Amino acid sequence: MSGKIETCVPRVTAISTAVPECDVHDRYTEWAASQLNDDRREKLFRRMESRGGISHRYSVLSGSDAKLDFGSFYKAGEEPGTADRMRRYAESAPDLAMKAIAGLPSTDGITHIVIASCTGFIAPGLDQLIARRLGLPASVERVSIGFMGCYAGVTLLRTAGHIVRSDPTANVLAVSVELCSLHLQETDDIERLLAMGQFADGAAAALVSAKGGGLALGAGVSLALEESDELITWTIGDSGFAMHLSGEVPGRLADALDNDVTRKIILGDHAPQAWAVHPGGRSVLDAVERGLPLPPHALDASRGVLDEYGNMSSATVLFVLERLARERPESGIALAFGPGLAMEGLRFGWIDGHAD
């Protein structure tokens, strides 16, 4: 990062990501299309879904459950209730989180745990379960971030950074785990089926401290679009969590970004070298690219994650940052969008270990 080095600069020194083994993207297409009892509407759905920029999406559902057939977890005409979905979350979320954590170089000396997860609730929470599995002392400090939606991944890192600023000796484990595939809903609404067809399961873990080389975490950016409460909603019902993603989102987002004041808030005095934009869908990335505007290939990392994994809610932006960290960018900004329509951002830039 350019400019004077702060006394304490929190930095992400390692990122590790994980997805389940079962790729359900093609199977979802068949399951969704089977709910459209009209050849014209089915062809329209398949055509639109094929243009979504996604080749693979993974789910913790496996075996017959992942086939989405009658008799599986999603029974035709008999949707699983919220309690059943939460039981699956309790069984699978800790394991997927630990799979991501296993890719970190070390978890020795962890003093704080920050968890982001918006697709399930359990108590004792993931923070306690992970601490126990890692054999961390009972005194480890814990924070849980829930139900914020896709931008919770940025809030996760920003919170870890704040902890390090307040305590330069802190060694923070930041974890995001999302099981979006547990919340499919039977419907013949094409817009809803297309929205659900973007989401997937995944987990990411990061180490944040004041020492070592890594992505230094700078200032945060928060914006909420006026009169946008109905554009993205995330509600709890009797059959899981229901996502509503309006088709107006890309256009409203592009218009909001195509504004001198907004651009100044996001870009600052100099355009960042690297862009870690949450891939909420191909149309969302297109809107960001058009609204700011961005140079060609600026969102290649985001588009690559979307293609290979889909939208894993809060974990997705960490997948993008993992790729960008390999390039050691001098400056960058992470942006994610969620319920509202609201945006959370975080500036970052590579810092060498000798700059401590």
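This is a predicted model: local features need pLDDT of at least 70, side-chain atom pairs count only at pLDDT 80 or more; totals for chains, interfaces and linings use all residues.

Colleague: Which residues does the UniProt domain annotation cover?
Modeller: The unreviewed UniProt entry annotates "domain: Chalcone/stilbene synthase C-terminal" over residues 225-346. UniProt positions are in the numbering used here, feature names are shortened, and annotations may be inferred rather than shown by experiment.

Colleague: How many strands are in the open sheet?
Modeller: Nine, in the order 5-4-6-7-1-8-13-12-11, with mixed pairing. Strands (E, at least two residues) and helices (H or I, at least four) are DSSP runs numbered from the N terminus. Two strands pair if DSSP finds at least two bridges between them.

Colleague: Which strands stand at the edges?
Modeller: Strand 5 (141-146) and strand 11 (274-277). Each has a single partner strand, so one side of each lacks a neighbour in the sheet.

Colleague: How do strands 12 and 13 run, parallel or antiparallel?
Modeller: Antiparallel, joined by seven bridges. Gly-338 stands opposite Ala-342 in strand 13.

Colleague: New topic. Is Glu-322 buried or exposed?
Modeller: Glu-322 is buried, meaning under 20% relative accessible area with a 1.4 Å probe, protein chains only. Glu-322 sits in helix 11 (residues 316-325).

Colleague: What does Glu-322 contact beyond its sequence neighbours?
Modeller: Leaving aside neighbours within four places in sequence, Glu-322 contacts Ile-15, Ser-16 and Thr-17. Contact means heavy atoms within 4.5 Å.

Key:
Residues are numbered from 1 along each chain as its sequence is written. Side-chain values use heavy atoms; hydrogens and water are left out. Buried means under 20% relative accessible area, exposed over 50%, partly exposed in between (1.4 Å probe, protein chains only). Lys and Arg count as positive and Asp and Glu as negative; His and the chain ends are not counted. A salt bridge is a side-chain nitrogen of Lys or Arg within 4 Å of a carboxyl oxygen of Asp or Glu.
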